[in-house]
Amino acid sequence: MTEPEDHGHPSRPSLTTQIGNLTLKNPVLPASGTYGYGEEWLPFISPQLWGAVVTKGVSPTPWPGNEPPRICETPSGMLNAIGLQNLGMEAFAHKALSFLREYRTPVIVNIVGKTLEEYVAVAERLTPCPEVRAFELNISCPNVKEGGIAFGVDPKSAAAVTAAVPAATEKLLIVKLSPNVTDVTVIAQAVEAAGADAISLINTLLGMSIDIKRRRPTLSNQVGGLSGPAIKPVAVRMVWQTYKKISIPIIGMGGILTATDAPEFILAGATAVAIGTGLFVDPLTPVKVLDGIREYMIAEGFNSLDEIRGLAHRG
Amino acid sequence: MSNEPQNAAYYVDAEIVGLRELAPAYFELRVLAPDIARLARPGQFAQLRVGQTGSIDPLLARPISISHADRASGEVSFIFKVVGRGTAMLAERAHNEHMVVLGPIGHPFEIPPAVTHLALVAGGVGMPPLFFLAETLRREYPEMAITLYYGGRTQDDLLLLPEWEALGIARIVLATDDGSRGYHGLITEPLQCDLGQKSIDFLAGCGPRPMLRAVQKLAQAAGIPGQLSLEARMACGVGACLGCVCGTISGHRRVCVDGPVFSLDEVTIDD
C-alpha cells in the first residue's frame with residue numbers, strides 16, 4: 001500500500017478525501033456494526049488499512065442486544081436484528097480505544113442512545129480521547145424499540161438530536177440516516193441545518209423473513225435490517241438524490257462489495273464510502289474496493305477524488 | 001505448539017480433494033489446506049464459501065465443524081448434512097475445484113487430562129467434531145476411557161460406524177428414534193442409566209438443542225462436568241457482527257469465537 005499524496009498524478013492518483021476538518025488518507029471506511037472495534041478482524045485486516053475506523057455503536061451503559069436468532073440470509077443480502085449489543089462507553093474507552101490507539105487511524109465513534117441525553121453523554125465522555133476524531137450519530141437503527149430510528153424518521157427529532165451534540169463536543173459530527181422514510185432528502189436537509197458536518201447514507205432497509213416450517217418470523221425480533229448487494233441500487237439512488245439537496249459531505253454505503261461499486265457511489269456524490277456486509281462475504285473486500293477505486297482513476301485518467309465526485313449529475 | 005496468536009486463522013483458496021456421500025443427505029468433504037490442518041483442534045470449525053470462488057451466491061459462508069485434520073497430508077475434512085440451499089450447493093461441488101475456506105475458528109474442546117472416563121454424546125450431524133475429538137484423545141491420552149453415545153433418527157443417520165469401531169474406544173452405544181439400530185429411543189435414555197452406574201467423570205456433547213438441554217440436565221443432576229458444542233447461523237465468523245450469539249449465565253456470548261464449545265454449566269439452552 002502506497003502512502004497517499006497531496007497531489008495526484010495519472011499513474012498514482014491521490015485517494016485522500018476530506019470530511020469537514022478530517023482528512024482521510026483514503027475514502028474507504030468500515031460500516032458501523034460490521035467491524036466491531038477492529039480487534040476481531042485483525043487476522044485479516046489492519047485498522048491502518050481504512051481511511052478511518054467507524055466503531056460499532058456505543059451507548060452510555062452496556063446493552064444486551066436482542067435475543068437470537070439475530071440474522072438470516074436472503075437473496076443477495078441478509079437481515080440482521082442485533083439490537084446494538086455493546087459494552088457501553090466506559091468499557092469502550094478503556095478496551096476498544098486503547099487497542100485502536102496504536103494504529104494511528106482516525107476513529108469515528110458511532111453513538112446510539114435511547115434519549116437525546118444519552119447521545120450527548122457518550123459524546124461528552126469520549127470527546128477528551130484524542131484518537132476519536134468524529135462522532136457518527138446512529139438515528140437509524142431499525143432494531144431497537146426506543147431511540148435509534150425513532151429519531152431518524154422525523155425531521156424535527158432528527159434535527160433536535162443533531163443540534164444537541166455540538167454543545168458537548170467540538171468534534172466532527174456525522175449523522176447516519178435511515179432509508180426507511182418517504183423522502184430521505186428532507187431528513188438530510190434538517191440535520192444539515194441543525195449543524196451536521198456530514199451524513200452517512202444508508203442504514204439498513206427494514207425487512208422480514210418467515211420460517212414457513214415453524215410458521216413464525218425467522219428473527220426473534222420479528223423484523224430486521226436488510227443489507228448487502230440487494231440494497232445497493234437503493235443506496236446509490238438515495239446518495240444521488242441527497243447530493244443535489246445538501247452541501248455537506250456524504251459517506252455512501254449499502255452493498256459495496258466489488259471493485260466497481262465505490263466509483264458508482266462517488267459518481268453519485270459520495271465523498272467517502274463504507275463497507276459493511278461485504279466484510280462478511282470476503283475479509284479482503286476493503287482491499288478490493290480500494291484497488292478498484294485506484295484502478296478506475298488510472299483507467300479513466302482522474303488524479304483526485306474531487307474530480308469524480310458527483311460527476312454523474314452533469315447535465 | 002507455535003507462537004501464532006490464539007485467534008490465528010487462515011483465509012485460503014483450498015483445493016477440494018474429496019467429496020463423497022456417506023449416507024442419504026450426508027456428505028464428507030476434504031480440502032487441502034495445510035495451514036488450517038496444522039492449527040485445527042477438535043471442536044473448531046471453518047467458514048466454507050459454498051459457491052465457486054468469486055461467487056456471491058450464497059452471500060454468506062457456511063460454518064461447518066472439522067471432523068478430521070491431517071497435519072502430514074494437509075487435508076481437512078468436514079461432514080455435513082444437506083439441510084438447505086447452501087448445503088445442497090456444497091454437495092454439488094466437485095473434486096479438483098477450489099473452495100474459499102476461513103479457519104480454524106472457535107474454542108475447541110478442552111478435556112482435562114485428569115479425566116478417566118469421558119462420555120461423548122452425539123446427536124445426528126453433531127457427531128463429526130466428536131469423532132475428531134475421540135481420534136485426538138486416543139493419540140494424546142490413550143489411557144482415557146471413552147464411551148460414545150450416538151443417536152439419530154434412523155440407522156441411516158448414524159455415520160462412520162466402522163471408523164468409530166477402528167478407534168478402539170471403550171464402548172459405543174447407539175440409539176435411533178425408529179429402533180432401526182441400537183436402543184429404540186433417545187440417546188439420552190441409555191446415557192441417564194449409565195451416569196448413575198458407570199465411572200463417567202466428564203461429558204462432551206454436540207447435537208440438536210433438545211438433546212443438549214437433556215444432556216445438560218442429566219449432567220448437572222449427576223454433578224458431572226462437561227462441555228457442549230453449539231451451532232448457530234453466522235455471518236462474519238470472527239466475532240465482530242454479534243449475529244450468532246447464544247444465551248449464557250453471563251449474558252449473550254458469540255458462538256463463533258467464545259464457543260462453539262462452552263462449559264456445560266455456562267450455556268442457557270432454550271428453543
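Predicted model: local features only at pLDDT ≥ 70, side-chain atom pairs only at ≥ 80, totals over all residues.
Which residue is the bridge partner of A:M78 in β14(A)? The partner is A:S227.

## Overall form of chain A

Chain A contains nine helices and 16 strands. Its radius of gyration is 18 Å, close to the 20 Å that the globule rule gives for 315 residues, so chain A is as compact as a globular protein of that length. Along the principal axes, the C-alpha atoms of chain A fill a box of roughly 55 × 45 × 40 Å.

Of the 315 residues in chain A, 57% count as buried. Among contacts in chain A between residues at least 6 apart in sequence, 71% link residues at least 24 apart.

## The four-strand sheet of chain A

Four strands of chain A form an open sheet in the order β5-β6-β14-β11, and the pairing is antiparallel. β5 and β11 (205-208) stand at the edges with a single partner strand each, so one side of each has no neighbour in the sheet. On average, neighbouring strands of this sheet are turned by 40° against each other, direction ignored.

Inside the sheet, β6(A) and β14 (residues 223-227) of chain A run antiparallel and are joined by three bridges. The pairing of A:M78 with A:S227 in β14(A) belongs to this part of the model.

## Contact between chains A and B

The contact between the chains involves 28 residues of chain A and 22 residues of chain B. On the chain A side, β5 (71-74), β6 (77-80) and α8 (277-281) each supply at least two residues. By residue class, that side divides into 17 nonpolar, eight polar and three charged residues.

## Helices of chain A

Helix α5 (residues 184-193) of chain A has as its buried residues A:V184, A:I187, A:A188, A:A190, A:V191 and A:E192. An α-helix has 3.6 residues a turn, so residues three or four places apart point the same way. Just after α5(A), A:G195 takes a positive phi of about 115°.

Two packed helices are described by the angle between their axes and the distance between the axes. For α7 (residues 261-268) and α9 (residues 285-300) of chain A, the axes come within 8 Å and cross at roughly 60°. From α7(A), the residues A:D261, A:A262 and A:P263 meet A:V289, A:G292, A:I293 and A:Y296 of α9(A). The residues of this contact divide into five nonpolar, one polar and one charged.

## A loop residue of chain A

A:E67 lies in the loop between β4 (53-54) and β5 of chain A. With 16 C-beta neighbours inside 10 Å, A:E67 counts as partly exposed. A:E67 and A:E264 are 197 residues apart in sequence, and their C-alpha atoms are 36 Å apart in space.

## The barrel of chain B

In chain B, six strands close into a barrel in the order β1-β2-β5-β4-β3-β6, with antiparallel pairing. Neighbouring strands are turned by 45° against each other on average, direction ignored. Three bridges join β3(B) to β6(B), and these two strands run antiparallel. B:L48 has B:V101 in β6(B) as its bridge partner.

Helix α3 (residues 127-140) of chain B packs on this sheet and touches β4 and β5 of chain B. The direction of the helix makes about 25° with that of β4(B).

## Two domains of chain B

The domain assignment of chain B gives domain 1 (10-105) and domain 2 (117-263). Taken over C-alpha atoms, the centres of these domains are 21 Å apart. Their contact takes 20 residues from domain 1 of chain B and 18 residues from domain 2 of chain B.

On the domain 1 side, the elements giving two or more residues are β1 (10-23), β3 (45-48), β4 (62-70), β5 (75-81) and β6 (98-105) of chain B. β4(B) gives the most to that side, with five residues. The domain 1 side divides into 14 nonpolar residues, five polar and one charged.

Definitions and conventions
Residues numbered from 1 in each chain as written. Chains lettered and ligands numbered in written order. Contact = placed C-beta atoms within 7 Å. Nonpolar A, V, L, I, M, F, W, Y, C, P; charged D, E, K, R; others polar. Rg over C-alpha atoms; globule rule 2.2 N^0.38 Å. Buried ≥ 20, exposed ≤ 12 C-beta atoms within 10 Å, placed from the backbone. Pairing = 2+ DSSP bridges. Axes fitted to C-alpha atoms, helices over the stretch in contact; angles between N-to-C directions. Domains from an automatic or database assignment.
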